[in-house]
Amino acid sequence: MSTSSNHFKGTLFINGAEGEYISSCRSLKFASPDYKISVIQQGPGDIQIEFQRDDTEFDASFSTGSEKRFEAKEYSGAQRWNMADAGRPALEISGDGRGCGEITGSFAVSSVEYGANGNITRFAATFFQLCDDSKNPARGNVQLTAK
């Protein structure tokens, strides 16, 4: 299963603590329709959400660490998305050319729904991400709904 779609609306909020790298210590908001939202799902427990406008692009990626669907629960001990140890949840919040070599953190899914085809139609989560050896987190949330 690998899908890409531009038929979503949603928001991404990132709140960076002092010294936090990804947001440059700022509070950021990306929302449709000002930002185009693209979604890639490589499996039932994996989602990449891209917010893009002109030269600005921010991504929020989450994985259960298995082929199991997301559930409304907390996923702790997360590592960098697409580089996590087998069976470990993963996340990665990045953008504008800023990414992390290593990530630790957690995310909590508050709402998730799947369509008849198995693709996610609604997703809402909060996240906590530490980049490399920093003690300054990026916190935030993402909400996504199929149009």
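Ser 76 is partly exposed, with a relative accessible area of 49%; on this scale buried means under 20%, exposed over 50% and partly exposed in between, using a 1.4 Å probe and protein chains only. The model is predicted, so to speak of a local feature a pLDDT of at least 70 is needed, side-chain atom pairs count only at pLDDT 80 or more, and totals for chains, interfaces and linings use all residues. Residues are numbered from 1 along each chain as its sequence is written, and side-chain values use heavy atoms, with hydrogens and water left out.

## Around Ser 76 and strand 7

Ser 76 sits in strand 7. Strands here are DSSP runs of E with at least two residues, numbered from the N terminus (helices would be H or I runs of at least four). Not counting residues up to four places away in sequence, Ser 76 touches Pro 89, Gly 105 and Ser 106, where contact means heavy atoms within 4.5 Å. Pro 89 lies 13 residues from Ser 76 along the chain, and their C-alpha atoms are separated by 7.2 Å.

Which way does strand 7 run against strand 9, and which way against strand 8? Strand 7 (residues 74-80) pairs with strand 9 (residues 103-114) in the antiparallel sense, over four bridges; two strands count as paired if DSSP finds at least two bridges between them. With strand 8, strand 7 runs parallel, joined by two bridges.

## Strand 6 and its partners

Strand 6 (residues 56-63) is mostly covered, with six of its eight residues buried. On one side of the pairing list is strand 5 (residues 46-53), which runs antiparallel to strand 6 and is joined to it by eight bridges. Strand 8 (residues 90-95) also pairs with strand 6 in the antiparallel sense, over six bridges. Two of the facing residues can be picked out: Asp 46 stands opposite Ser 63 in strand 6, and Asp 59 stands opposite Ser 94 in strand 8. The hairpin of strand 5 and strand 6 has two residues between the strands, and Asp 54 takes a positive phi near 50 degrees there.

## Core and pocket

In soluble globular proteins, nonpolar side chains tend to be buried together. The largest nonpolar core here has 34 residues, and those with the most contacts inside it are Phe 62, Phe 70 and Phe 123. Such a core is a set of buried Ala, Val, Leu, Ile, Met, Phe, Trp, Tyr and Cys residues joined through side-chain atoms within 4.5 Å. Beyond its neighbours within four places in sequence, Phe 123 is in contact with residues including Ile 47, Phe 62, Phe 70, Val 109 and Leu 144.

The largest pocket has a volume of about 210 Å³. Of the 18 residues that line this pocket, the closest to its centre are Asp 46, Ser 63, Gly 65, Trp 81 and Asn 82. A pocket is an open set of points on a 1 Å grid over the protein atoms alone, where a 1.4 Å probe fits, with protein on both sides within 12 Å along at least five of seven lines; lining residues have an atom within 4 Å of a point. Grid points are joined across faces, edges and corners, and the volume is the space filled by probe spheres set on the points. By class, the lining has six nonpolar, eight polar and four charged residues; Ala, Val, Leu, Ile, Met, Phe, Trp, Tyr, Cys and Pro count as nonpolar, Asp, Glu, Lys and Arg as charged, and the others, Gly among them, as polar.

## Loops and backbone angles

Most residues other than glycine have a negative phi, and most peptide bonds are trans. These are the entries to look at with that in mind:

| Site | Backbone value |
|---|---|
| Cys 25 | positive phi of about 65 degrees |
| Asp 132 | positive phi of about 55 degrees |
| Ser 32 to Pro 33 | cis, omega near 5 degrees |

Cys 25 belongs to the loop between strand 2 (8-16) and strand 3 (27-31), and is partly exposed at 33% relative accessible area. Pro 33 is in the loop between strand 3 and strand 4 (36-43).

Buried or exposed: how does Pro 137 count? Pro 137 is in the loop between strand 10 and strand 11, and counts as buried because its relative accessibility is 11%. Asp 132 is found in the loop between strand 10 (120-131) and strand 11 (138-146), and is partly exposed at 42%.
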